[in-house]
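Dear colleague,

My notes on what was found in it follow directly after.

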Amino acid sequence: MAETTPPDPRWCTYFFLFDGSKVKEEGDLTRTGICYFYPEETALEHQEVLCSQLAGVCRCVSELSRSAARLVRLRKLKFAIRMRDDFLWALGCAVELPDVSVCSFLDKLIGLFGFYNGPPRLSYQLRSKEELATHWAQYLVHLQGGATELHHIFGSLHTIDSTHVCGNTEETAEWPRIDPLLLLKAALILQACHRCPLVLAGCILYRGRVVSTQMPPELTAKVLVHECETHSQYFFKGSNFKDLGPLTDGLASSSGLPSSGRVTSTPVFLTPSEVRDLRHPPVDRPHRSTCPPLQSNRSKPRLLSRTLSDTPAPDTDDHCGPGASNQTVPCSMRSSFSYEACVSSGASPAPGGSPLFSPDYLAEEKGGLSNGLQEEQKEEELVEATSRCSVSSKEGTQVGLETNDFGEKVEEEEEDGSSRGGAERMRQEPMDSERPQDDWREAKEERPVVEMALYRHRVRGLVLALLVEPQFHNDATALEEVYHSSLASLNGLEAHLRNPAPGLASAQGGPYIFAHYDCLQNTLATNLPASSPPGGSGSPHSAPFIKATSLLHAHFCQAPTLQEIIVRNAGSAVYGTRSVAQETYFLQQGTTVRNSGVPNPQDSAFTLPAKARHKLLKHGVNLF
Amino acid sequence: MKCVLIASENAEVLFYWADLDFEQSIREQYGALQEEGVKPMAFEDSINTLFAPIIISCSTMIDRICDNYTSFSTENNHVYVLQQFEECLYIGVCGDGEENEEDLKRKIYVLKKLIEIHYGMVTLSSSLLRKELRPHDRDQRNHLWRKFQSLLGTYSHLKEQDQSFLVEAVERLIHPTLCEQCIEFLERRLVQQINSSTERAGEEVLHAFILVHTKLLAFYSSRNASTLTSSDLLALILMVQNQFPSNSDLEDMSPEDIENNSAPDVFYTPEPSPTSKDSGPSGAEQDYTPVFQFVDPDIQMAEDSLQTLEVPPPDPSMPSRVFLEVTSKDGFCPMMPHSMYCLTLWPGITLVLLTKVPNSQLATSVYFFLDSFSQLERRLNEVQDGTSVSRSQHSLHDLRNKLDKFIRALSSSDIQLQNAWAEFKSKVFSRSGPGVSRELLPCCKNMKTCLCGVYRHYFLVETTRSSQRLSSSLQERAQQSVQEKLLDWKDFLLVKSKRNITMEFPGLIHFMYVDRTAGQMIAPSINVTDRSTSELGKGPLAHFVKNKVWSFVEMARRYLQKGYTTVTLRDGDYYLCYFLWFENETGYKLEVLDPPTLRDYSAPIGMLASDYYRKLLRYYSKSHNAEVVKCYELLSVHLGVIPTEYILQHCCQLARKLWEPSRIPLLPTYDFSLCRSKAVGRPYKEGASRVNCRGPHFTRESHLSQ
C-alpha cells in the first residue's frame, strides 16, 4: 500500500519543532528546546546545529523585517518555516520542489497536529515529548504517503477515481472504476446523518480515499489521517478489523455505542473560523465564486416550497443543501458539473455528472438503499436544505437562525442574537475565556481552538467520519439515530465498492499525460500511475511532465492574470491552462518533432491546446 | 526598503548600500536597543551589529553541515539573498516587493563585477580587498562607498528603465551609413592620430567607441587589441552613465530645448582640486543624515542625485582605471589594467577611449602565477597520500624557473614576494623540507597574496599617485575632432536614441531581439514618461506594457534556467512569446539542444555579471565542432485577440527580418578580426534599414481600442 511507504526524503529530509522559550539564557542547552526532530535517529549534535542556527537566523531576520520568517534556502536543502509564539517549525526538503507546495505541506502538518492535539503549548504541557513524537511521525508518514508526486505538488486530496483512466494494471486492479451512482449514495448517507443537529459535517472514506465529503478540503484532509492509519493496520491484519480497538489516542472512546469496536470517537480541535464555516455553510465563501449568483437567482424561491413530488427540473441546483457546499466528488465529475451546471446556466446535465442531483436518480436510489425511512428522510432533507439555503444566503442579518434544527433553539437564538456563539464558546474552551464575546466573528486562524469530536463508524474498508458537537456522545438518542440511520446504507455501499461492477473495462490512456487540478475542492485527476518509487520522481517518461507541471503550477500561483502557457525544450512540450477553479496540464508523448527552437508555426508544441481540449473531454475535463 | 552589503568573514561590513526606508527602519530598531542619552551609533555600526548573527551563522553552517544559506523570505515578503564569494559574504535585502530573489542575486553579481572592474585581481586576495574596500580613514571610506553606492543606484535605475540593461545586451543605434562613417573616422582620424602622438605618455588606444545615452553608435578596436567582452562593455557603459547620467527630464525635451539648457554643464563642472580631503565635512555629516519622514519617489530621486553630487566630480582628464578581460597571444588575463577616458561631446553623447597602460604585460604574468598556485592548492586539497606529488613536481620546476625570472625582472622592488618565494622554495625543493604536501597550503596562500600585492602596487597604487595619462591637450583635440564630425548629426542622434526602430506588424505590441553571440539587442523603445510618445503610446498604458515586458523577461529566464528554450503564454489581454535558438554563420538553424538545468543559486542568466550565454554557446559548440555557432533570442508581446498561428507567423517573420541588421559589424564579436576587416567600406544592403522606416500606425490604435 502506498500509505505505508517510508517518508520521501525529497519532501521531508528534516522536520523539527523547536521551543525557543526553553533556550533563552546563555547556559541553556539547545536540546532542551527541541520538541521533536525527524529523522529521530539524527545525531543530537547535528540536531542542535540545525535547530540553533535556523532558530537564530530566523529570529534575526524576523527582527530586521518585523515579520516571521517563512522560507530558508540553502544550497542543497530548503526549509519551510513557521514561527508562532516561541515555537519554530521547520520542514527541510529538496530545493527543486515549489515553494508553495512545501510551505503548504508544513502548514498541513502543523494543522494536523493542532486538529488532533490542540494548541502545541498546551499539548506539550499535558503530554510527554515521546507520546507526541509518535503523533508527529504518524502525520509525517500520512502526509507523504499515497498517490503521485503530483498530489504532493498540488497538495490535493486523495479521492476515489471515478473515471478510471489509469494505464497501470496494478492500479486498475486496486482502484476499479466507481459507479457514479455510488457517489450519490454516499452523499445521501451524509445528508441523512446531517439531520442530527449535533452533527456538523461528515465524510465517507474508502480505504484511505475520499468517496464523498461535506467538509471543506482542509478539514477532509485532516480527517483522512487517522483513517489512513487504521486503514494500513487493517490492510496488514487482513480482515481482522473487528479487533481494532479505539484508536491510539482514543481519549473519549464511545461509551454507549451499540458496537464499540466499529465506532470510535476522538476529540479534535477546530479553529473558530472552521467551526463557524461548519455551523453556517457560507454560500458566498470566496472560493465558491462560480456558483453563488445562480443559487441566489434561480434555485432559492423554488426550493423553499420544494418536496420530492415537485420533481424539479434537472438543472435545479440543490447543491447548496446542508453541508453540500463543500461536497466533494471526484475531480473529473466535478469539472463537468461545474461547467455545465454553473457556467452555462440551464444547460442539460452532462452524463455522469449532474445525475448526482437529479430527481430521477433519487427515485432510483430508493430501491437501492434498504432503509424504510428513505423517502421520508429525503423529503425532510430537502426541506432542511431549503431552509438552510435561504438562511445562509441572508447570513449576516439573521445570525441566530443557522442551527435551524430544533424549534426551541431557534427561538432562543433569536432573542440572544449574536452573543450565543460567544456563550457557547465559553462553555467549550475555558482557555479562551478572556476573549471578548462578540469578537468571535472576526476570529482569524489564531491559537484559540474549539473542541469537537470526530465520530467514526467503520464497515470494513469504509469509514463514515462525522465532525460532531462534543455533547453528541452524551446524547443517546442522537447517537443511535445516526448509527442506525446509516448502518444499513454503509453496509450496502461498502459491498458495492468492494465488488466493482464487471465489464467496466479500462479506457486505455492515450499517448499523453494530463493532470487536472480542482483548486476549490483540492482534488486532482491524472492518468499518471500512483505508485511511484519512493524518493524517485516517477518513471522516466513522466519525469518531464512532473518537472514542467511543478514549475507551471508555481508560476500560476504567482501570476494571477496568467491563463495559459506552453513550455518546450528539445524533448518535450507541456501545455498548462487555468481558470478560476482549476488548472490543467497536458503533455503529448512521442510527437515532438526535433526542431531548432526558432519561431515556427508548424511546431507541434503549439497544437497542444487544441489536442488537450479534444483528448481530455473523455476524461470529463472541459477546456472549451 | 532595500539594502546590499558585503561582509568579511570576521563579520565586518566592507561595504553597504541602503535606501532611505531601510536606513530609517534600522535606525528605529537601533533606537529601541539603545539607552537614552547615548550618542546614536553610526549607521555603519548598527547595520554591522544587526546583521552579525546572520553572518556568523553562515560560517557556522559551512563549517558544520557543509552547506550555506542562499536566501530567506518572510511572511511579509521581505527577501534576503546571500552569496559567498571567496571570503566575502554579499547580502541583498528587499522589503518593498520591487525586487525578488533573482533581482537581488543579479544585483549582488553586478556589484561583484563592478568591484572586479575597479580592483582587478586584487579581489582574489580577501585581505587586500578588505583594505581597499574599507580604508581606515572614515572620510576616505565614505567617499569610496559613495562611489559604489552611486554605481549601484545607476545600475538599478538602468535595469528598471533601459531595455539593454534588462536583457543585458548592448543596444546599437541603427544607422548603417553613419555608423560606417564613424568607424572609419575613429580609426583614421582618432586612434591612429593619438597612437602616433608624442603626448600619449606610453599609452596606446586599443578601443574607441561613441555612446548616445546607453546606445552604441560606433565601435572601433585597433589591430593589436583583444576582443572586448559584452560583460565588460556593458559594465563600462554603466560606469559612463554613472559619470554622466542622462537626466530624464532633459531626455524628454525636444533637441532645441536641450540646446538652450546648460544645466548638465553646471552639474558636472569639475572642481579645481578634487582631493579626497575636501569630502571631510560632508562625510561627517553623513552619519547624522536627517531621516526623512516621507518617501515620495520624486523627493527620493532628488535626494539620490544630491548624494551623487556630494561625490567630488573626478578630474575629467584623469582616466579611470578599469580591469578588463583580454585574450592575446601572450595569454589570457581576466583582469588586464586599462585606462578609460570618457570625453563628453554633448550631454548624452560620449566618446570613450580605452588605452593599454605601460607594464600591463605584468598582469598576464601575475595571472599565470596566481593560476598556477590555485591549481597547486586544488591538487594539494585532493591529495590524501603522496600519489600525485610526482606529477606536480614537473610543473613545479617549470613554475620555479618562470617565477625566478619574474622576480629578477621586478628588480627587488617587492621584498615580501621575495621572502614568500624563498620560504616556498625552501619547503618544496630543499631535501629537508616537507616537499609537496598539505603543509604547503599556507605557503600557497601567502604567495598568492604577495602576487596580488605586486599587481596592486603596479596598477592601483602607482596610478593614483602618478599623473600617467594622455595629455590634456591630446584629449581635448580628440574631443573636438569628434565633435566637429558629429555636429550635424547631434540632434538627430539624440532623437534617434529614443526612436531606434519602429514596428509594422498589426497586433504586435513589443519585441526584443538579442544576438547573444555578439551581445547585441534590438527593440523599439518604451518611454513611460508623459513628455514623449513611443510606439506604445504614453502614460499608464505604456507603463503597463513595460511592466509586462520586464516581468516576462524574468519569467523566460526562469524557464531557461530550467532548460526550456520556448515559452509562450497568455496573460490578461496579451500573448507573449519567447524563443531561443542556435544558427550557424550562414543563418542555417541548428537543431535545438536542451540547455543544462541550473540550480536556483547558480549565477543569474545574463551577460553583464556572469556570462551565461558564453557558457551556453561553449556547451552547444561541443556538439558542433566544425562550425561557428550563434545564439539568438526573440521575445514578443502581441494582443491576445490575434489567433495564435498568426502570432507565431509574425515571430517567424520578425526573426528573419531582424537577422539582417544584426549582422552590421559594429561591435566586437568573437570572430572580431573577421568583422573588423569587413567593417570599412562594406556595402550595406538596402534591406538592413527596412525596420527603421514607418511610423507607428496600426499597432497603437488597435492597442488603445482594447
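How much area is buried between chain A and chain B, and what share of it do carbon and sulfur atoms give? In this predicted model, the area buried between the two chains is about 5500 Å², and carbon and sulfur atoms give 56% of it. Three residues of chain A, namely A:L64, A:R75 and A:P599, supply 14% of the area that chain A buries against chain B, more than any other three residues. Chain A brings 54 residues to the contact, and chain B brings 66 residues.

The interface of chain A and chain B also holds polar interactions. The rule finds 7 salt bridges across this interface. In one salt bridge the side chains of A:R84 and B:E75 meet, at 3.6 Å from N to O. Furthermore, 33 residue pairs are in polar contact across the interface of chain A and chain B, both residues being at pLDDT 80 or more. On the side of chain A that touches chain B, at least two residues each come from α2 (44-65), β3 (69-74), β4 (78-84), α18 (543-558) and β13 (562-568) of chain A. Of the elements, α2(A) gives the most to this side, with 12 residues. The residues of chain A on this side divide into 27 nonpolar, 13 polar and 14 charged.

I turn next to chain B by itself. There are 24 helices and 17 strands in chain B, and 57% of its 706 residues count as buried. Of the contacts in chain B with a separation of 6 or more, 72% are between residues 24 or more positions apart. The domain assignment of chain B gives domain 1 (2-161), domain 2 (172-246 + 316-361 + 469-490), domain 3 (364-383 + 399-460) and domain 4 (501-674).

Within chain B, the pairing of domain 1 and domain 3 was examined in detail. The centres of domain 1 of chain B and domain 3 of chain B, taken over C-alpha atoms, are 32 Å apart. In the contact, 11 residues of domain 1 of chain B meet 10 residues of domain 3 of chain B. About 900 Å² is buried between domain 1 of chain B and domain 3 of chain B, with 73% given by carbon and sulfur atoms. The rule finds 2 salt bridges across the interface of these two domains. B:E87 and B:K445 form a salt bridge, with their closest N and O atoms 4.0 Å apart. There are also 2 residue pairs in polar contact across the interface of domain 1 of chain B and domain 3 of chain B, both residues at pLDDT 80 or more. On the domain 1 side, α3 (101-119) and α4 (126-133) of chain B are the elements that give two or more residues. The most comes from α4(B), with 3 residues.

Finally, some details of the backbone deserve mention. Most residues other than glycine have a negative phi, and most peptide bonds are trans. A cis peptide bond joins A:Y38 and A:P39, with omega about -5°; A:P39 lies in the loop between β2 (34-38) and α2 of chain A. B:N77 is not a glycine, yet has a positive phi of about 65°. B:N77 is placed in the loop between β3 (69-74) and β4 (79-85) of chain B, and counts as exposed at 57% relative accessibility. B:E168, also a residue other than glycine, has a positive phi near 60°. The loop between α6 (163-167) and β6 (170-171) of chain B holds B:E168, which counts as buried at 2% relative accessibility.

With kind regards

How values were computed:
Residues numbered from 1 in each chain as written. Chains lettered and ligands numbered in written order. Predicted model: local features only at pLDDT ≥ 70, side-chain atom pairs only at ≥ 80, totals over all residues. Heavy atoms only, no water. Domains from an automatic or database assignment. Contact = heavy atoms within 4.5 Å. Buried area = accessible area lost by both parts, 1.4 Å probe. Polar contact = N/O pair within 3.5 Å; in protein donor to acceptor, adjacent residues only side chain to side chain. Helix = DSSP H or I, 4+ residues; strand = E, 2+ residues; numbered from the N terminus. Buried < 20%, exposed > 50% of the residue type's maximum accessible area, 1.4 Å probe, protein only. Nonpolar A, V, L, I, M, F, W, Y, C, P; charged D, E, K, R; others polar.
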